[in-house]
Amino acid sequence: MADAASGSVDRSVQVKLVLLGEAAVGKSSVVLRFVSNEFQANKEPTIGAAFLTQKCRLEDRVLRYEIWDTAGQERFHSLAPMYYRNAQAAVVVYDVTKATSLEKAKSWVKELQRQANPNIVIALAGNKVDLVQTSAVSSGSTPSSESEDEADDATATPGESPSASGDEPESLRQVPREEAQAYATEAGLLFFETSAKTGEGVVEIFTEIAKKIPIEHILASTRGGAGRSGGAGGRTGGAREDVNLEEQQSKKDGCNC
Amino acid sequence: MSTISTQLRNFKEPTKDQLTHVFFSIPEVPSVPPKDTEKRGPGDIENMEINAILSFGAQEVEDSYAGKLHLLPPYLAFSSLDRKSVKFTLPLSTVRRVERLNARAGVYALSLSTWHGMKIIVQLTSLRPTADLFCSLLREALKAELQRGQMKAVKGFVKTCYSEGLVSLSGISDNEREDGSLITETKEGCPPPETEFHGGLGLQFKFPGDPKKLREASKIKLWTTYLKNHGRNLTLLRYPQCTRLVQVGLPNRLRGEMWETLSGSIYLRFSNPGLYDQLLLDIRGTNSTSFEDIEKDLHRSLPEYAGYQADEGISALRRVLQAYSHRNPEVGYCQAMNILAAAILIYMSEEQAFWLLEVLCDRLLPGYYSPTMHGTLLDQRVFESLVTRCLPMISDHFQAVDVQLSVASLPWFLSLYINSMPMVFAFRIADCFFCMGPKVLFQVGKAILKINGEKLLQIQDDGGFLNLMREYFASLGDSAHPESADPRTRAITRFQELLLISFREFAVISDETILSERRKYRNEIVNSIESFSKRSAVRNLKTLARFTKEQAGFIYDALYKAMCEIPPPPAAAPPPSLLTTADGNQEKAETRIGIPTFHVFLSEILTWARSEKIVINGFQQRIDREVAEHELIDRLFYFWDTSCKGSLSFQDLVSGLDGVMFNDLMENIEWFFNLHDKNKDGYLTKDEVLTLSESFLFIFRHEIGDAYLGAVSKFMTNAFEYGDSLLPQYTDSKTGAAEPREIGHNQPYLNLATFRMVVLADEVLESFFETDLSASFRLEPVPDLELPPASSGFLGDLWSNIATQDNKRMFNRLSDELGKTIGKHQVIYRPTIGRFTKLEEPTARESLISPPTKTTSSGSSLDTGVAPSSSSTLDTSSIHDNGPLSGSVFSPMPHLKAVNAAFMERTPFAIDDAGDDDDDSDLDMVHGEDDDRVLDEVDAFLEAHDSGLTEADKEMAKDLLNAEPVK
């Protein structure tokens, strides 16, 4: 929304964010939704990592997300440190229809908490929630479920989530929201259930992360030329924590530009 | 969660023979079916190399080149002395006639004719007997090929090659073709339908790029001439002209075939007919995790290309990737392979692509796509070091702003730039890559950095770096000198500039540079991969139990060492049906070890699970470790296998050890009791009491003195006494006397309380359970495993040959024998508990020649306190002697540095001279000029080549062309 022009340059804060998670949980789709508000087949295969940027407005500040969308295949795991190095935020994605993907997510969280920047803000995102929602809205046979059967994730295969298309949407869910929420609380993570397909929850992740990031510190360190300390200071929180809903709404617009 | 691979340890430096095979792009193991080898006997296939001068003349007279002729059955290969000007690899089956030429006296020359009549003359310049031997070996090898029927196979095979049609067709209609659209061109240029040549998706979905702009017609014409004169497909001779033509870009329709010819994958296809189709049949109906991964990526492999928006392209891609992953399950499928496969399928048939993919993954990009991706990491490290050396300013700046080169360069290497640059340009890099080898990737990578040098010095973070690279790649088609007044300079694109800088300024980066750099950093990479997987294995433990992370690391080390010694059986893959239905729970095969590996593992950390013999033979004193075999160890294995899978995971080991290492007296007694209570009913049977006693004896087998023996026998007596007396009594109705009931051997007999009482009745056993049992498990750093020595050159190789385990063993055996003959041989078992050490000092030791070192002090300090055996001292000292020596003698670095420094001083864009011979880019150009333009570009790459011959030699070589065969 062209706010970059009005906001002076020195006001924009760069935030390095990394997406991690098992293969085919929809990492790239979540980013695509956030960056260009689209849902489509991937144009760029993720080799190593894809790099995208998106501006996001928070109060009077402009955050410039530098997003590293990493490859999910297990063997790329050893390359991941290269991307989460110096990251101020991470979104760990799992697939609500696949229990093992949460396990993998947990191991990513553990790794981040031990190896990454000590003040990294981590968000846990259960993606493809659209696949399990149809039953909640109208349990039983719904005409819309047909279209929803299309995998949320662009990279999903006929053998993946759609394989269960004949099942009741109810049974598709393998990770109860409560379970993931409980884990997130215990591990001190932000938690969202998202759908890159419908857009649900996607922008919220990035706004909430923006609120939690110690912006002042990043600003101070970059201005002072102290190098990329990556927000080594404590969380400033405070004033930013109590943003009301309207502001949040406006921020959403800012993000979707 | 964790898979532990010991594969990296098994790496061996390639032998000279292997390097030669790689150099000539010959499949490593000549693809001879095993039964044939047996039939012909191993002695028949003999390699030989000989000095030779190659002269060659069909229509044009080319220079003659001095070089080496290699007989590598079933191939004959030649390379010029500089190893780059001229080279060929001929399958012997394409040779139809070999004649000895009747030339001047003292000249030994052979004339070889290929199946299509091309004549190659080689003058063997070695001594006469050597030349005779070479000839007889060549004759043998040719005979063998004839017997195998390979000669006949050639005719059928070449029909699949586009070049054959091109050459035969051009003989008839060598007229100027229009630069028409690709479709019409394909129709016109299409060889007669009976030659079923292989082609790629491009024939149907068009090739990327504008054929007119790419000057396709001119390129085809030049290549037709070249192929006619210098052989094609199986018989291609690579003269400097060939390399230059490749550097200006291969014509689309010939590209696929040239790729397989230049990379050598054509030899694989030739020697394995029908294998690809067979693989496709084999995989029908099967499934694997690789297949699932492939499925996910099919639609995101060059999705902008029309062929991959259609089912044909997608299915072809699927088949090729599946076939490869099936043939090479260790690699399976790695993201980025889809990009390569998709790219090469545009230019070649599925079968061709399959073999090229194999050559890519196995030889050209070794280890790039393996599960650890060690090849990728290694080459990134090598690239980084080359950049540090050649472009120090950039490297310093990157360090200052903390930007990692790999964030951009990793995808360059992993997908051959296809993912980074516009396809037309990436394919031209691929042309050079297949022709000149992996060094091209490094040369281009450095040229990219050099060209963008000034801007790179401005970047502040990863993002800026990536954006800069993205912009640069998008502008590759633009003029490199838009402001130049000279239109010819203006016409040079940034891409041309890139190639020129790559091959001129960074020509110093040779295959040898890459090889030696890889050797240098290999250990570093392997160690970092291993410590990474160790850290994640420890982190992914569900519970550390009472261990610290460091201790868990020691357990991991011991496990890893055991796995290196006895690799566990391959993870039992669940039946395919499970894979598809289950929700991916089986997806990651966890590393689990079987009993044999467990024995080794336990011997690492548990003193009584190994036997340590102190061998003294008068020459040396050493400790031989043997893995102990006993029922008790197997019992432990099953005791810890709580999930009853017949195998143990890292987690099982950690939990199992936790159950015994932190116990106090009572807990230990209980643990030992439970270990022997098989049915877990709280009672030992009489048999189990006996087994338990045997376990005691096993544990105490090397203890000195009678104390333990006495304790065990006392234990047995007491156990049965108490056991009997505590049996439920029943009153004999007749006598009224209470009698113990007779009890079967497998009936519940002794409970924990009784066992405890019996144990505590003995001081020795009590102290065993109180401290010694727990203390016999020792988590200590495992000494570093030996990696293949990093030192290069002859001495390094020699050393790696000598310092094998086998040789050490042989040396030990020899000295033992000697020791026995002179009566100094002596073996002492080291006690595993070592509480009683007073009795053991054998008197024989006093008479030793060398003063005895303290080997049998108290048990706990034994592991570390023992002086290293003389043999191992010898080993390490000689390693130290050799290391620096070989490094300094054989390192090419000082020289390289000087050359690179010289290059760095040149002006940034020293290509103005190249622009001189290029002309304007008028599209309505006459064809003749167009050809010239391509040739001009060819000339731009011209490098002075030295044929290594004197004028007299050349004269003689020319003579030979007209010589008559010996009658």
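Over residues 249-437 of chain B, what percentage of the chain is helix and what percentage is strand? In this predicted model, the stretch is 68% helix and 0% strand, and its end C-alpha atoms are 16 Å apart. Helices (H or I, at least four residues) and strands (E, at least two) are DSSP runs, numbered from the N terminus.

Residues are numbered from 1 along each chain as its sequence is written, while chains are lettered from A and ligands numbered from 1 in the order in which they are written. Because the model is predicted, local features need pLDDT of at least 70 and side-chain atom pairs count only at pLDDT 80 or more, whereas totals for chains, interfaces and linings use all residues.

Chain A contains 11 helices and six strands, and buried residues make up 51% of its 257 residues. A residue is buried if 20 or more other C-beta atoms lie within 10 Å of its own, exposed if 12 or fewer, and partly exposed in between, with C-beta atoms placed from the backbone. Chain B has 44 helices and 18 strands, and 41% of its 967 residues are buried. Of the contacts with a separation of 6 or more, residues 24 or more positions apart account for 73% in chain A, and the corresponding value in chain B is 73%; two residues are in contact if their C-beta atoms, placed from the backbone, lie within 7 Å.

The axes of helix 17 (residues 374-390) and helix 19 (residues 406-414) of chain B come within 10 Å and cross at roughly 120°, where axes are lines fitted to C-alpha atoms, for helices over the stretch in contact, and angles run from 0 to 180 degrees between N-to-C directions. Helix 17 and helix 19 of chain B are therefore oblique to each other, given that angles under 35 degrees count as roughly parallel, over 145 as roughly antiparallel, 65 to 115 as roughly perpendicular and the rest as oblique. In this contact, T376(B), D379(B), Q380(B) and F383(B) of helix 17 meet S406(B), S409(B), L410(B), F413(B) and L414(B) of helix 19. These residues divide into four nonpolar, four polar and one charged, with Ala, Val, Leu, Ile, Met, Phe, Trp, Tyr, Cys and Pro counted as nonpolar, Asp, Glu, Lys and Arg as charged, and the others, Gly among them, as polar.

For helix 9 (residues 240-247) and helix 20 (residues 423-436) of chain B, the axes come within 8 Å and cross at roughly 155°, so that the two helices are roughly antiparallel to each other. The contact involves T243(B), V246(B) and Q247(B) of helix 9 together with D431(B), C432(B) and C435(B) of helix 20, and comprises three nonpolar, two polar and one charged residues.

Helix 29 (residues 595-605) and helix 30 (residues 631-640) of chain B pack at an angle of about 105°, with their axes 10 Å apart, and are therefore roughly perpendicular to each other. Here I595(B), F598(B), H599(B) and L602(B) of helix 29 meet I633(B), D634(B) and F637(B) of helix 30.
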